[in-house]
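Have the structure open as you read.

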Amino acid sequence: MRIIAARDYNHMSRQAANIISAQVLLKPNCVLGLATGSSPIGTYKQLIEWYNKGDIDFRQVKSVNLDEYVGLDYTSNQSYIYFMRSNFFDHINIDPANTNVPCGANPNAEEECERYDALIHSLGGIDLQLLGLGPNGHIGFNEPDDHFTKGTHKVALSDATIHANKRFFEREEDVPRFAYTMGICDIMQAERVVMVVSGESKAGIVREAFLGPVTPQVPASILQLHKNFTLVADAAALSQMSHTYD
Ligand code: GLP
């Protein structure tokens, strides 16, 4: 794994955007795996800025998002499809038909998860997967567990995740209890994985995930075994593992 030590959130966002931009320049019809959360917002903003300057073209790009809350669809401003449109897709020239997010409105979990894995497969897999890091070490919505779940599946969100994500909802009761998420295997099969992490509140989990043992109790730890994984993190997030890079 490679660590890019950024000064702060903006610097982290530019570094990650540089990697994504290079991917799109080198392979204009690439498949980008995309993430939600506050961590990648700055990366999307930077990419939009470069798009507006004419430096990057998303016309042929295809995207697959990591996850979606079960029960929410594009009409809900808390859904991840809404997040992706408002923070990224609506501001660039990606073809909406080429963007994919699990369908939270489909109550048939088996059907939806099979559909999504088949879709990833039909696109030829993911060239670059962007990730954030949950406070409990989750990636996508792969929560701490006693085993790694392979493909797209329905997951019951942990209390820690419901608590962490309540900031986006009016009340904690409004946070959906279930989500559809790509599995660990989907993520590990991506050609390249880039994770953005910022802030002191993530320093402990960054240390656990990348200096600790590989364990499904800290799902992100599996990335230590990925052939092409880059952690782009700011100084605060790296503050508990500073001796391991430079
Ligand atoms: C959510 C998403 C994750 C994301 C995490 C961290 O739970 N499902 O994909 O990485 O939030 O969010 P943030 O970047 O806001 O800390």
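What follows goes through the ligand site and then the cysteines.

This is a predicted model, where local features need pLDDT of at least 70, side-chain atom pairs count only at pLDDT 80 or more, and totals for chains, interfaces and linings use all residues. Numbering runs from 1 along each chain as its sequence is written, and side-chain values use heavy atoms, with hydrogens and water left out.

Let's start with the shell. There are 14 residues around the ligand, and Ser 38, Ser 39, Asp 67, Arg 167 and Lys 202 come nearest (a residue is near if one of its heavy atoms lies within 4 Å). By class, the shell has three nonpolar, eight polar and three charged residues.

Now for some polar contacts, meaning pairs of N or O atoms within 3.5 Å.

| Residue | Protein N or O atom | Distance to ligand oxygen |
|---|---|---|
| Ser 38 | side chain | 2.5 Å |
| His 138 | side chain | 2.9 Å |
| Leu 133 | backbone | 3.5 Å |

On its own the ligand has 390 Å² of accessible area, and the protein covers 96% of that (Shrake-Rupley method, 1.4 Å probe).

And the cysteines? The structure holds zero disulfides (pairs of cysteine sulfur atoms within 2.5 Å). For Cys 185, the nearest cysteine sulfur belongs to Cys 113, 14 Å away. Cys 185 counts as partly exposed because its relative accessibility is 31%, whereas Cys 30, at 0%, counts as buried (buried is under 20% relative accessible area, exposed over 50%, partly exposed in between, with a 1.4 Å probe and protein chains only).

Methods
Polar contact = N/O pair within 3.5 Å; in protein donor to acceptor, adjacent residues only side chain to side chain. Nonpolar A, V, L, I, M, F, W, Y, C, P; charged D, E, K, R; others polar.
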